[in-house]
Every structure is written in C-alpha cells, then in structure tokens.
Amino acid sequence: MASASNDLSAITNTLTDDVSSWEGQNLISVTQMTTSGILRLFQTAQSMRSLVRSKGGDERLKHKVLASVFYEASTRTSCSFQAAMMRLGGTFLHVDGGKGGNTSASKKGESLEDTIRCLECYTDVTVLRHPTTGSVQQVALGDGTVKPVINAGDGVGEHPTQALLDFFTIWDELGLSFEVMKGNSTVDNPHTGPLVVVLLGDLKHGRTVHSLAKLLARSSLKHELVLRYCAPATLEMPEHVKEYVQQCTNVKQEEYSDMSEAVKGANVLYVTRVQKERFETAEDYEKVKGAYVVDTSLMKEAPQGMIVMHPLPRVDEISTDVDSDPRACYFRQMENGMFVRMAILALILGAP
C-alpha cells in the first residue's frame, strides 16, 4: 500500500527475504532492500529464468493488469515489463505520455497524480517513468495512490529495476557471495578477492549508474568493493552519490580519466552513453560526444575475466566488433531484465 508520507526513509530496508514484506509495496529506490531481500529477489529471478526456458511461463498472474505509463522514451524497460507480465499470465495497458504520445490526458492538463489514480481503477500495479526527478516518489508515497507503483526511471534520479537487473547480472556472471544466511555463491568457480567495477561515460546524467553505485555499496558483499569512476570533464559522478557510497562499509571510490588505466584489474566495465537529451545545447553535447569508445583494442588490454555491460541503447561508445567477444554480456543483461522484472511483479503481487 502507498505510504501517507513522502519521506523515503520510512521505507528504507523494508523489503527483506520474507516474501510478505514485498506484497503490495511500492518499489521506488534501491535503498528499500536489505541484502537478504536482494538475495530473495535474485533467487526468484533465477527461478523465473528456469521457468521461461522450460515452459515459457505460467498463469500465476492471470487476470492481473499492469499499467505501463511512460512520459519518456523507452524500449527495453517498457517491453521487458510488458513481456514479464505476459509470461506470468497477466496483461497490460500502455500509456505513452511523452511529447509525441497520443494516449495521455496530460495533454488536456491532467495532473500526473490524477492520471495514476484513474489508471488504478483498471489495474493492479503501475510502472511509471517520468522526466522529473522525484516525481515517481511523490506519486507513489503521496496520499492518492492505493496500489503499488514501480519506478521505471525519474529524470536523472533513480532507476531501481535497472540497477537490480545490472546487479543480478554481475552476481550471476561472476558468482558473487553475500554476507547473509545462504548467501554463498553456488557456482563452480565463485568470485574471490575484491570486486572492481568501472563505471564509464556520462555519470552525471546516468540514473542507472547512480542507482547501481548505491545498490552495490549498500549490499553486504563478501568482497571488498572498488568503484572506479571514469567520465569526461563536466560529466563526473554527482557528489551526492559519492557521499552516499562513502557512508557504506568496505567500499573504495577511485576516479580516472584514462579508460585504459581504469580497466586494469577490473571485473566489470559498465558503459553508459552520453545522453544527448539531457544537454541544454547541442554544442555542449558535441564537446563530450565520443569521449570514450570501447573497441577491440581496449578489449585486448582488458582482463580476460572482465565482463562488459551497458544499459542500452548505445550510440558509438561500444564498437559492434566487441559484440562477438564472450565478455560482452549486455544482451544477456537485457534478457536478465525480463527475469528480474518477472520476479519483482510476482513478489509485489503476492505470487512468488
């Protein structure tokens, strides 16, 4: 149920390994989950992967309806949520609230809160993306909504489900372990030693890296975490994210300008595009466009066990020649997005 308070601290660490803690809840920020709650979600996502690969899906969410409401462009997030709902027997209504959309009453002056309240009359859960930072939190935690709201990205703020699928991919690909009961990796060759993650590109506007840095830092991993920030001048990681990470234990933060130096000894290279739509002028964008390009020459220098990730879409920051490298896992990462979102929907709608 929606909270009567807009204070995010009231729901911090409330999503745990107890499945009942997820039922009927909003998912607004990565700060809502305990480490055991993250593990519960990841294990549920693994079961969803097995389900899809063996049977294609099931009917646990039959007669449930998802409201897919996007005021910004989306392909992967909207489609993966819709596919996740359908794989579990449910269905969806899609509202395109962007400038070119024609299915939103916002063009008639309707408030975001009223739009969501009306859609709740027909649906069971809402997935919402909006360009204004904090808007999803305001809607979800205000007095108006009574059904769960999932944050699909709010401006340059957070994108919690992207961070969760990214973390799941890292956990799954590398075999990470958590400092919780039954948190040890079950893969044949689990990761040992520090976890070194390079976040590369537009770190200022990239809500995916904001959420991922917070999520990795606040999780009780059995590995020292090293976050390396590599960004063009003016696009560095925001201070508020670095300050949050600094408060967490067993985490180091490092800053680089040279991409080749940043990847030395790295386990993960997480690449983001320079987001043209976030710049005030085309001239500002052109100054930093193409500052970093991951290509085959970089991959020859990079560690053999380093995975390359990207939330997509890409423009020119990863050469297509890298796609055939087994370390390139961004398309596996996209598939994981559906499994993780299936798990989120199942948990929130009480059918894990």
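Predicted model: local features only at pLDDT ≥ 70, side-chain atom pairs only at ≥ 80, totals over all residues.
Reader: What makes Thr-35 buried?

Author: Its relative accessible area is 9%, and buried means under 20% (exposed is over 50%, partly exposed in between, with a 1.4 Å probe and protein chains only). So Thr-35 counts as buried. Residues are numbered from 1 along each chain as its sequence is written, and side-chain values use heavy atoms, with hydrogens and water left out.

Reader: Which residues does Thr-35 touch, not counting those up to four places away in sequence?

Author: Phe-178, Val-180, Arg-218, Ser-219 and Ser-220, where contact means heavy atoms within 4.5 Å.

Reader: Why is the pair of Phe-42 and Phe-167 called edge-to-face?

Author: Rings of Phe, Tyr and Trp (its six-membered ring) pair if their centres lie within 6.5 Å; planes under 30 degrees apart are stacked, over 60 edge-to-face, and the rest tilted. Here the centres are 5.4 Å apart and the planes stand at 85°, so edge-to-face it is. Both Phe-42 and Phe-167 are buried.

Reader: What makes this pair tie together parts that are apart in sequence?

Author: Phe-42 lies in helix H1 (residues 35-55) and Phe-167 in helix H5 (residues 160-174), so the parts it ties together are 125 residues apart in sequence. Helices here are DSSP runs of H or I, at least four residues, numbered from the N terminus. Ring pairs also bring Phe-168, Trp-171 and Phe-178 into a cluster with Phe-42 and Phe-167.

Reader: How do you know that the charged end of Lys-214 sits over the ring of Tyr-244?

Author: The rule wants NZ of Lys or CZ of Arg within 6 Å of the ring centre and within 35 degrees of the ring normal. For Lys-214 the distance to the centre of the Tyr-244 ring is 5.6 Å, and its charged end does count as sitting over that ring.

Terms used: Helix = DSSP H or I, 4+ residues; strand = E, 2+ residues; numbered from the N terminus.
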